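Here are a few notes from my pass over this one. Have a look at the model first, then read on.

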Amino acid sequence: MVVGMSTKVSQASLLTLKNVTMIFGSQTALHPTNLDIPKQKTTVLLGPSGCGKSTLLRLCLGLMIPSTGEVIFEGTPVTSESALELRKKMGYVIQDGGLFPHLTAYENIALMARHLEWTEDRIQSRIHELIKVTQFPEDGLTRYPVQISGGQRQRVSFMRALMLDPDVLFLDEPFGALDPVIRADLQEDLKHMIQSLNKTVVMVTHDIGEAAYAGDHIVFMKEGRILQEGSFEGIVSKPKDSFVTRFIRAQRTVSLDKLLEGHAI
Amino acid sequence: MKRASIVLWTLFFVASPTFANSKQATIGSKKFTEAVILGEIAVQAAHIAGGTATHLSELGGTRTLWNALLSGEIDLYAEYTGTIIQEILKNKPIKTFDDIKNALKNQGILMTRPLGFNNTYAVGMQSAKAQKLGIQTISDLKKHPNLELRFSHEFMDRADGWKGLKAAYGLPHTDVLGLEHHLSYRSLAEGIADLVDLYSTDAEIAYYKFQTLEDDRGFFPQYQALFLYREDLAQKFPALITTLKRLEGKIDEARMIEMNALAKIKKISESKVAAQFSQSFYGQKKEIREIGYWERLWGHTQSHLILVILSMLAAVMVAIPLGIVAAKQPRLGQGILSVVSILQTIPSLALLVFMIPFLGIGALPAIAALFIYSLLPIVRNTYMGITSIPLPLRESALALGLRPKACLKLIELPLAFRAILTGVKTATIINIGTATLGALIGAGGYGQPILTGIRLDNIQMILLEGAVPAAVLALVAQAGFELLDSHLTPKGLQLKANQS
């Protein structure tokens, strides 16, 4: 399927964007962008609404195909054709879960495995592993999405994304629709989960606290461009320009203040 | 698939009224009482001649009957000389009776000699009003240009109707509207109309004390009644023709008016009137079995259900795939939606008549027309059901690695199920109502007693045998779909959201 792949793909990166642009009609959602997503790290795409971070995530999943340039996943260019197979190695969690309302939690999680004709035994034991990892109550599995809380829905969504044991998890504002307490619980559980599973994670958020808490590698975006890239400390200690500074300051909270202690910002 | 097609064919044969049989005739009649009585007399004649006959009564107007005769869907019907000359052979030079005979024979149609009465067109008014205004002849109408003229649709359109009359007499009237012929008498009696067209043998003229105006310029031609029949009927069932020919010149105007009166005023069924006639004329008759209310109702229900079920099955099989294609291919989709919308705007009566040249008369063209009318609600709801699935859900399905086909089957169709079912429900309920029009082209169903009831001015028949059962059927269908909805809709979609 893929012939003569460039060997320049860095050993340590799972996903590479090479000169990728995304243009809708007269609007440029993403200017020429190069990006390496490191393996087994959590990369956070951070920035205000409309900065192109969700577009970038969709490009990684092949839900959109770049206007120019290419996205390479584990050595294979992501095209509308190859994406159909590659997505089995990707998990995707969106704001408010994206659970299918006509299926129970269990059926949502098992959907793809059933479609791939796993045995029911195998499906069941995999789901039992997952409810331990996500700390989801077993009796919730027979419920429909409308019957469980927003936080539990997100746990189901994570299980669904993890079912086929993907190489990478793409998270698009996964905590966006949750109230603060549930959000904090889930953030913490997720962090443990990611650490224990040792997965590559790409998360989109506009919340600086969330980025600081979860991210190993922060990609700061604005108006369809990557403005600054690096560790959270790197960004807060040396903000590239006044926009980055303003963006961080605007979201200062008590909890963030602790993280920012001793920094210049 | 195979089983389904067997079921369809079985239903079709149950629905189709005729079976091959050499001493068998299919008789048609126009939708007015005299024509139905003459049709029933032909049924009696077939019986006396040692065969059987099916009567497709109240099929429509001249065009419908003539085309059905040409195409062989009926073998025989009663027609009038004036109509033959003015309408059927209107572009041919006709001078004599033999001219008519030869012109028809060229098309494979034969005719009896006239039966003996002239049922010409006439125009009439309430006697009291005519006297008050001093109107006796059609020429007198010129002095009263403000009269309200209400004519049957056929009279409005025909060369020997209003158009010709207006030109021949130079009539100035502008307040002229068309209406169903059966309503003419009522509107005239109730003073809603001042002048209507009448058939001179109609029993109501005497009953309501109407005055027919003298045709002082001799505009209206002779309308001698006779039977038209196909050449092949004469070959396969000659005894019927011999029997019918015994009627030539034997039914005079008084006798025809009397029979019309029995049916319309005394409310005796046309088949009984014809049987009485047959007894007195031929000395024998085919016994008419009185069919009870429930049996009649069951008959109408069966033919109505066949129309609705077959057309809906076909519509569902075509419209759901069309709706899916429309949702998946936006550009093609706009085309599909436009086409089914345009089809929906064709007036139902026009569509039914439009089908006749292609599919003849009876259940088949009615099913085809109902099929076309049922497409839009289903296509549109399927399209809406799929396109209204929120983008995040669709993307979640694709991101799982489902291919488009699996995505359609596992996610999109279940989510769109309710919308699609609602479309099918809407289409079915509209279909049940529209199917009553099928009777206009001989498809039977609940429309039949409605048509007959209008013609006989029998409100009870309209309501109890046609309108109310159709409404009940619609309610039953509605309830059936509610049941389907609660059983087949995925449970997760039926739950009310819990507040978390």
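Which element gives the largest share of the lining of the largest cavity?

1. That would be H3(A), with three residues. Bear in mind that this is a predicted model. Strand S6 (90-94) and helix H5 (150-162) of chain A also give two or more residues each to that lining.

2. The largest cavity holds about 80 Å³ of space and has 13 lining residues. Nearest its centre are A:Met90, A:Arg160, A:Ala161, A:Leu164 and B:Leu400, so you'll see both chains named there. By class, the lining splits into eight nonpolar, two polar and three charged residues.

3. Searching the whole structure turns up six cavities of 30 Å³ or more.

4. On to the interface: chain A and chain B bring 26 residues each to the contact. The buried area is about 2300 Å², with 67% of it from carbon and sulfur atoms.

5. One of the salt bridges joins the side chains of A:Arg58 and B:Glu395, at 2.8 Å from N to O. On the chain B side, H19(B) gives the most, with seven residues. That side has 17 nonpolar, five polar and four charged residues.

Methods:
Residues numbered from 1 in each chain as written. Chains lettered and ligands numbered in written order. Predicted model: local features only at pLDDT ≥ 70, side-chain atom pairs only at ≥ 80, totals over all residues. Heavy atoms only, no water. Contact = heavy atoms within 4.5 Å. Buried area = accessible area lost by both parts, 1.4 Å probe. Salt bridge = Lys/Arg side-chain N within 4 Å of Asp/Glu carboxyl O. Helix = DSSP H or I, 4+ residues; strand = E, 2+ residues; numbered from the N terminus. Nonpolar A, V, L, I, M, F, W, Y, C, P; charged D, E, K, R; others polar. 1 Å grid on protein atoms, 1.4 Å probe; cavity = no way out; pocket = protein on both sides within 12 Å on 5 of 7 lines; lining within 4 Å. Points joined across faces, edges and corners; volume = space filled by probe spheres on them.
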